[in-house]
Amino acid sequence: MILNLHGLNGKWNNTTYRLLLKAYAEDLISSPQIDYAVTSPAKILDSLQSLENISYVVGNSFGGFYAYILSTMLRIPCLLVNPCIPPEKYIPSLVKGYAYTEELVHLTAEYSSHSQPVYMILGMDDTVLSPACTMQTLQVTQTWKIRGGHSLSGNQQFYSAFKKALERMIANENING
């Protein structure tokens, strides 16, 4: 099963979900709707950990942060698309009155040593999150740097990179797993 996590204010049937549907049957993908702005990170992670048979996690933006954390917790590979890492740098300014910044700081510190494979796609023209900061913060297995901003919907270079990254993540896990 592949778990897909949308970004802040995003939808469960986001672009990455639709791309996953091109490669996998719907019953092999879990894509919950999450209200990140009002739900504590601990509650979100508890809910996601209770899902069964998750082999891979894909996350976009703030969902990329949760995908990164879950990857460590569940010991599974992840594919991050413009991940919101470190989230405490961005979320308080994106969500007025955000109440969980300290939880984000704690999670980031607790799960900063990541031993699972991490694949990442970065839109190098992102003006919402800093691609340079993300690259300095994360140790990844492989990164695809593409033209494009934070939202990569409609970006053919992203579609191609996503397909390659997904194939690489799954092929490497099948070899190593």
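The largest share of the lining of the largest pocket comes from α1, with 3 residues. This is a predicted model, in which local features need pLDDT of at least 70 and side-chain atom pairs count only at pLDDT 80 or more, while totals for chains, interfaces and linings use all residues. Residues are numbered from 1 along each chain as its sequence is written, and side-chain values use heavy atoms, with hydrogens and water left out.

Helices here are DSSP runs of H or I with at least four residues, strands are runs of E with at least two, and both are numbered from the N terminus. A pocket is found on a 1 Å grid over the protein atoms alone: an open set of points where a 1.4 Å probe fits, with protein on both sides within 12 Å along at least five of seven lines. Lining residues have an atom within 4 Å of a point.

Back to the largest pocket. Its volume is about 410 Å³, volume being the space filled by probe spheres set on the grid points. Of its 25 lining residues, G7, L8, N60, S61 and H150 are the closest to the centre. α1 (15–23) and α4 (87–94) each supply at least two residues of that lining. By class, the lining has 10 nonpolar, 13 polar and 2 charged residues. Nonpolar covers Ala, Val, Leu, Ile, Met, Phe, Trp, Tyr, Cys and Pro; charged covers Asp, Glu, Lys and Arg; the others, Gly among them, count as polar.

What lines the second largest pocket? The residues are L19, K22, A23, Y24, Y159, F162, K163, L166 and E167, around about 160 Å³ of space. α7 (156–176) and α1 each supply at least two of the lining residues, and α7 gives the most, with 5. This lining has 6 nonpolar, 3 charged and no polar residues.

Next, helix packing. Axes are lines fitted to C-alpha atoms, for helices over the stretch in contact, and angles run from 0 to 180 degrees between N-to-C directions. The axes of α4 and α5 (residues 101–110) come within 9 Å and cross at roughly 165 degrees. That makes α4 roughly antiparallel to α5, the label for angles over 145 degrees. In contact, meaning heavy atoms within 4.5 Å, are P87, E88, I91 and P92 of α4 with T101, L104, V105 and T108 of α5. These divide into 5 nonpolar, 2 polar and 1 charged.

The other pair is α2 (residues 41–49) and α3 (residues 62–74), packed at about 55 degrees with axes 11 Å apart. The two are therefore oblique to each other, the class left after under 35 degrees (roughly parallel), over 145 (roughly antiparallel) and 65 to 115 (roughly perpendicular) are taken out. From α2 the contact takes P41, I44, L45, L48 and Q49, and from α3 Y66, I69, L70, M73 and L74. By class, that contact has 9 nonpolar residues, 1 polar and no charged.

Last, the backbone. Most residues other than glycine have a negative phi, and most peptide bonds are trans. Where is the cis peptide bond? It joins I85 and P86, with omega about 0 degrees, and P86 is in the loop between β4 (78–81) and α4. R75 is not a glycine, yet has a positive phi of about 55 degrees. R75 sits in the loop between α3 and β4.
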